[in-house]
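The entries follow in the order in which I made them.

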Amino acid sequence: MSSGSGSLMWFRKGLRIHDNPALEYASRGTTRVYPLFVIDPHYMEPDPNAFSPGSTRAGINRIRFLLDSLADLDSSLKKLGSRLLVLKGEPSQVLIRCLNEWDVKKLCFEYDTDPYYQALDNKVKNYASAAGIEVFSPVSHTLFNPADIIEKNGGRPPLTYQAFLKLAGEPSWASSPLSVELSSVPPVGDVGTCEISQVPTLKELGYEEEDQDEFTPFRGGESEALRRLRESLSDKEWVANFEKPKGDPSAYKKLATTVLSPYLKFGCLSSRYFYQCLKDVYKNVKRHTSPPVSLVGQLLWREFFYTVAFGTPNFDKMKGNKICKQIPWNDDDKLLAAWREARTGYPWIDAIMVQLRKWGWMHHLARHSVACFLTRGDLFVHWEKGRDVFERLLIDSDWTINNGNWLWLSCSSFFYQYNRIYSPISFGKKYDPNGNYIRHFLPILKDMPKEYIYEPWTAPLSVQTKAKCIIGRDYPKPVVSHDTASKECKKKMGEAYALNQRLNGVVSEEDLRKLRRKSDEVDEEQEPKPRRLRQKLIK
């Protein structure tokens with residue numbers, strides 16, 4: 001086997017030509033390169049039982065974004081004298097078969113910290129090493145290697161952003177320019193009996209094109225990523241003054257952020273190249289914002305989450321996750337469905353959930369609003385349930401960042417000021433008093449006067465009739481009263497925090513059950529019956 005002369009470049013994320021050390025290494029000192037992408041049924045097999053069009057794990061918007069990205073990569077490779085080879089099946093099996101069939105001496109792929117890929121990569125690496133094939137798997141999806149930072153910190157991940165910054169410093173590669181161009185890639189070798197296909201369409205994967213009435217306005221791919229990057233960076237003043245907590249979550253015509261997150265997620269844009277471009281802008285302006293709020297600060301947040309996730313077993317669960325508070329969340333599927341399907345009766349929350357379903361994206365402050373509402377703000381539903389919905393519907397869904405943000409927003413880890421709640425009424429009103437965002441994503445409310453658009457249940461019947469929207473018939477009544485529900489949530493969070501402190505974080509299932517029972521009994525005693533009824537989900 002080791003007498004082979006070709007290289008196999010296995011693409012997963014990292015769907016780009018610029019700053020792609022694995023592709024560069026694969027192209028060096030060889031006459032043949034096999035650029036391969038495997039359609040993995042784990043992510044791509046259509047699932048007719050899922051709550052929205054798509055596979056078991058990914059909504060149709062993200063699958064479409066990936067296919068765009070693959071088509072763009074194929075076209076870039078063709079310009080360099082190569083092309084993308086697409087195969088279908090369980091990736092480790094497909095890869096082992098290709099290594100067997102093709103004349104390969106080097107296997108190259110970008111390092112990936114996700115648990116799913118870690119397991120996959122170990123299988124493939126073990127096989128390649130036993131067969132005498134060189135494996136090259138550089139870290140280029142992130143600015144730092146998370147393992148290095150954990151090692152610097154004595155084997156534990158830093159649990160605050162500031163501690164992370166102190167340990168991380170400047171990335172080692174940052175002082176020299178990155179290689180952003182490849183002049184050519186050696187041609188593809190003989191593919192033997194492997195059934196190579198073109199980049200498939202949604203239809204060829206078994207999806208109905210008309211499964212959805214409005215698709216994401218964002219096209220996937222490296223070309224689009226670089227175009228967006230140039231556009232964002234052309235406004236140097238905007239880049240210099242960018243402050244994360246600011247920005248308008250209700251802006252939907254001209255968006256208030258770069259929308260580069262999906263391109264970073266799929267690696268259509270190199271985070272390292274983005275970092276260097278930002279540093280170049282900073283050099284040429286008088287003053288600029290700093291981490292945590294600056295654009296470079298946003299890239300460093302991504303690194304912080306990657307590092308913590310990599311060093312924390314069960315990072316994506318409450319149980320067995322030592323950095324996660326154990327909280328007796330409700331297991332209320334009706335409330336979860338009302339939230340997921342934009343039927344909470346709170347137009348600000350519902351409009352955001354419609355945008356999520358249709359576009360696969362929404363502004364970070366909009367994400368904060370709906371995540372807080374589902375968990376510690378109003379419904380007290382488990383963050384893992386909300387995480388699953390985001391994981392499916394977001395085009396930029398990234399295992400690490402999605403879990404990190406839900407841990408944060410549910411006050412389960414990182415952030416503990418559970419008394420600070422996003423109001424489902426006044427928070428959106430602050431940015432969009434006229435309710436244009438709501439009118440756009442919830443057209444049933446488009447004629448509701450602005451005095452009532454955030455709380456349509458308070459509108460007199462005559463106003464509802466005139467607006468052609470009767471609350472309780474055309475649009476739901478609120479599933480909970482925010483004032484009552486948020487008070488109750490704060491009380492439950494306080495009790496859970498006290499329990500975690502008392503038991504030093506070692507909280508059993510039985511402890512949580514007792515706490516849940518205790519707070520339910522207190523509720524029953526305190527709540528007069530009619531109030532209880534109003535709290536129930538209104539069909």
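**Entry 1**

I located Cys411 in the loop between helix H17 (399–409) and helix H18 (426–431). Helices here are DSSP runs of H or I with at least four residues, strands are E runs of at least two, and both are numbered from the N terminus. I noted that the model is predicted, that local features need pLDDT of at least 70 and side-chain atom pairs count only at pLDDT 80 or more, while totals for chains, interfaces and linings use all residues. Residues are numbered from 1 along each chain as its sequence is written, and side-chain values use heavy atoms, with hydrogens and water left out.

I looked up phi for Cys411 and found a positive value of about 60 degrees, although Cys411 is not a glycine. Most residues other than glycine have a negative phi. Is Cys411 buried or exposed? Cys411 counts as buried because its relative accessibility is 0%. The cut-offs are under 20% relative accessible area for buried, over 50% for exposed, and partly exposed in between, with a 1.4 Å probe and protein chains only.

**Entry 1: Helix H17**

I turned to H17 and recorded that eight of its 11 residues are buried, so the helix is mostly covered. The buried residues of H17 are Trp399, Thr400, Asn402, Asn403, Gly404, Trp406, Leu407 and Leu409. What covers them includes helix H5 (115–130), H12, H13, H15 and H16.

**Entry 2: Two further backbone features**

Asn314 lies in the loop between H12 and helix H13 (333–340). Asn314 counts as partly exposed because its relative accessibility is 35%.

Which peptide bond did I record as cis? The bond from Pro291 to Pro292 is cis, with omega near 5 degrees. Most peptide bonds are trans. Pro292 is placed in the loop between helix H11 (271–283) and helix H12 (295–310).

I located Phe380 in the loop between helix H15 (364–377) and helix H16 (383–393). Phe380 is buried because its relative accessible area is 2%. I then listed its contacts, meaning heavy atoms within 4.5 Å. Leaving aside neighbours within four places in sequence, Phe380 is in contact with Ile327, Pro328, Trp329, Asn330, Leu374, Thr375, Cys489, Lys492 and Met493. Phe380 and Tyr452 are 72 residues apart in sequence, and their C-alpha atoms are 26 Å apart in space.

For Leu379, I set aside residues up to four places away in sequence and found that it touches Asn330, Leu335, Trp339, Phe373, Leu374, Val479, Val480 and Cys489.

**Entry 3: The nonpolar cores**

A nonpolar core is a set of buried Ala, Val, Leu, Ile, Met, Phe, Trp, Tyr and Cys residues joined through side-chain atoms within 4.5 Å. Which members of the largest core touch the most other members? Of its 139 residues, these are Phe11, Leu84, Trp339 and Leu379. Apart from it lies another core of 23 residues, including Trp10, Val94, Val104 and Tyr117.

I found Ser82 in the loop between helix H3 (60–79) and strand E3 (85–88). Ser82 counts as buried because its relative accessibility is 8%. Not counting residues up to four places away in sequence, Ser82 touches Pro35, Leu77, Val185, Pro186 and Val188.

Thr56 is in the loop between helix H2 (41–44) and H3. Thr56 is exposed because its relative accessible area is 55%. With residues up to four places away in sequence not counted, Thr56 touches Glu45, Asp47 and Arg392. Thr56 and Cys489 are 433 residues apart along the chain, and their C-alpha atoms are separated by 32 Å.

**Entry 4: The chain as a whole**

The secondary structure comes to 23 helices and five strands. Of the 539 residues, 56% count as buried. Among contacts in the chain with a separation of 6 or more, 78% join residues 24 or more positions apart. The C-alpha atoms fill a box of roughly 80 × 55 × 55 Å along the principal axes.
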